[in-house]
Amino acid sequence: MKNFSNKYIFIYSAVLVAVVAVLLSVVAMSLKGRQDANVRNEKMQILLAAINVEADANQAAEMYQQYFDQELTVATDGSVLSVYNVKNGEMEQGSVRAFDVKLKDQQALEKAGQQGAFPVYVFSKDGRKGYVIPTQGNGLWGAVYSNIALDEDFNTIIGVTFSHESETPGLGAEIAEQKFQQPFIGKQILDENGQVISIAVKKNADPNGAHEVDAISGGTMTSNGVNAMLAADLARYQKFIDATRAGLVTEGSDEFQVPVEEIAVEFEEGEEVSL
Amino acid sequence: MKIFTDPLAKNNPITVQVLGICSCLAVTAQLKPALVMAISVTVVVALSNLIISLMRNTIPPRIRIIVQLVVVSALVILVNQVLMAFVYDVSKQLSVYVGLIITNCIVMGRLEAFAMSRKPLESFLDGVGNGLGYGIILVIIGAFREIFGSGSIWGYPIMEKLGLYQIGYENNGLVIMAPMALILVGIIIWIQRTKDKDLQEN
């Protein structure tokens, strides 16, 4: 076996590592665009799924533009921080697109006592307006996510998606299944006074109860996580919901950037808006 | 030629060398991720074998494992980046298991046992052979588990089209779970050793 000097070994490893580093950086840089596009497409697919529209990755961007009107970020005091117009791709107010907001960062900001910017997606489907609220919390093993699509009364759930990072297959992971998600549809997140009451995920839930759905048997910790997530994340929007719902009756105040005229018109036309 | 065909059966990495079992259990619930994983491992083993074989005379023995690891890691990261860019949904299903190809014993095993002392072409063939030997088992198990666990093949709902659900057929939940993959590997080993007396140990 050949003898290698220490000097040779050092130079050899340094050169090898440098070559590998350059190679990997070049590849990572050149593929980044495609990878980011994939992540964005997936997010759009999930948002579309929340409003019960199925789209594959290729159509996601197009369909997203078709169904969604605005992306807002709102503060917990109800004020609108930014408005992004999905149809023409322009920022109408503020500078941060709700789509690019990392919910976890905002939750951390809020925890640190600062103001967070929380996303709301405004969509219209079959002539009706609606809102999607994304949420994020902790299950048993890792993060759990959901998107709650609400009807124009900002109260009735018309669709949900749940996903998770690493819940137990067959138990907690069932939240990602239709069987768990279907019962959410038609439930209401507000009580009769317009206060956010969220949806309780619990054992032996009354199928006719407006604010509860059945938990997963054997997945208690995950169910509790979902419970806490929904309660905390929906409650953040209380003031914004109040304001939007107030706009439904009082011809829209200028304070809020949600185009309330459309809703008000529908209301005048006698469409039922349950308040 | 023997270099290429041996790992497919007589010296199969999974059923005879019993390497790479972990990923074999994890990614075979469906056929598609199983096949992508098989291709990824084949690419990594073949190329790392080739590269290490080309470099073998320049590698100082004292740091050879580190050099091997650097080469393998670089290739695995490349594969992962390519998967994320072009087959995003599959790369999500494979999740950490692509990264774990680095620690797949087949790769390091072939480098140490073969590529360090053989010519590039031989090493490359050995790598392809071992990758395919691993891949065959993965695909067999993946196909079985998808058909009997999810009632579909490559995402095509075959059981539904055959109308088996109407006559009371149900998918077997156990087949989707990891233990079933282990049982299947066991059955394959059993069949192989029954047929090939050379492999039987006393």
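Trainee: What share of the 275 residues of chain A counts as buried?
Mentor: Of those 275 residues, 34% are buried, that is, each has 20 or more other C-beta atoms, placed from the backbone, within 10 Å of its own; 12 or fewer is exposed, and in between is partly exposed. This is a predicted model, in which local features need pLDDT of at least 70 and side-chain atom pairs count only at pLDDT 80 or more, while totals for chains, interfaces and linings use all residues. Residues are numbered from 1 along each chain as its sequence is written, and chains are lettered from A and ligands numbered from 1 in the order in which they are written.

Trainee: How many helices and strands are there in chain A?
Mentor: Chain A has seven helices and nine strands, counted as DSSP runs from the N terminus (H or I, at least four residues, for a helix; E, at least two, for a strand).

Trainee: Why is B:Pro120 called partly exposed?
Mentor: B:Pro120 has 16 other C-beta atoms within 10 Å, so it is partly exposed. B:Pro120 is found in helix H8 of chain B. Leaving out residues up to four places away in sequence, B:Pro120 touches B:Leu50, B:Ser53 and B:Leu54; to touch is to have C-beta atoms within 7 Å. B:Met55 is 65 residues from B:Pro120 in sequence, and their C-alpha atoms are 9.2 Å apart.

Trainee: What makes H3(B) and H8(B) roughly antiparallel?
Mentor: Helix H3 (residues 31–55) of chain B packs with H8(B) at an angle of about 170°, their axes 8 Å apart. Angles over 145 degrees count as roughly antiparallel, under 35 as roughly parallel, 65 to 115 as roughly perpendicular, and the rest as oblique. H3(B) and H8(B) are therefore roughly antiparallel. The axes are lines fitted to C-alpha atoms over the stretch in contact, and angles run from 0 to 180 degrees between N-to-C directions.

Trainee: Which class does H8(B) fall into relative to H11(B)?
Mentor: The axes of H8 (residues 120–150) and H11 (residues 178–195), both of chain B, come within 10 Å and cross at roughly 125°. That makes H8(B) oblique to H11(B). Here B:Ile137, B:Ile141, B:Phe144 and B:Arg145 of H8(B) meet residues of H11(B) including B:Met180 and B:Leu184. The contact of H8(B) with H11(B) has eight nonpolar, no polar and one charged residues; Ala, Val, Leu, Ile, Met, Phe, Trp, Tyr, Cys and Pro are nonpolar, Asp, Glu, Lys and Arg charged, and the others, Gly among them, polar.

Trainee: How do H1(A) and H4(B) lie relative to each other, roughly parallel or roughly antiparallel?
Mentor: Helix H1 (residues 6–50) of chain A and helix H4 (residues 64–86) of chain B pack at about 15°, with axes 8 Å apart. H1(A) and H4(B) are therefore roughly parallel. Their contact involves, among others, A:Leu16 and A:Leu31 of H1(A) with B:Val67 and B:Ile77 of H4(B). The residues of this contact divide into 16 nonpolar, three polar and one charged.

Trainee: How many residues of each chain are in contact?
Mentor: 18 residues of chain A are in contact with 14 of chain B. The chain A side has 13 nonpolar, three polar and two charged residues.

Trainee: Which residues touch the most other members of the largest nonpolar core?
Mentor: They are A:Tyr121, A:Val132, A:Ala149 and A:Leu150, in a core of 55 residues; a nonpolar core is a set of buried Ala, Val, Leu, Ile, Met, Phe, Trp, Tyr and Cys residues joined through C-beta atoms within 7 Å. A second, separate core of 46 residues includes B:Leu83, B:Leu132, B:Ile137 and B:Ala181.

Notes: Two residues are in contact if their C-beta atoms, placed from the backbone, lie within 7 Å.
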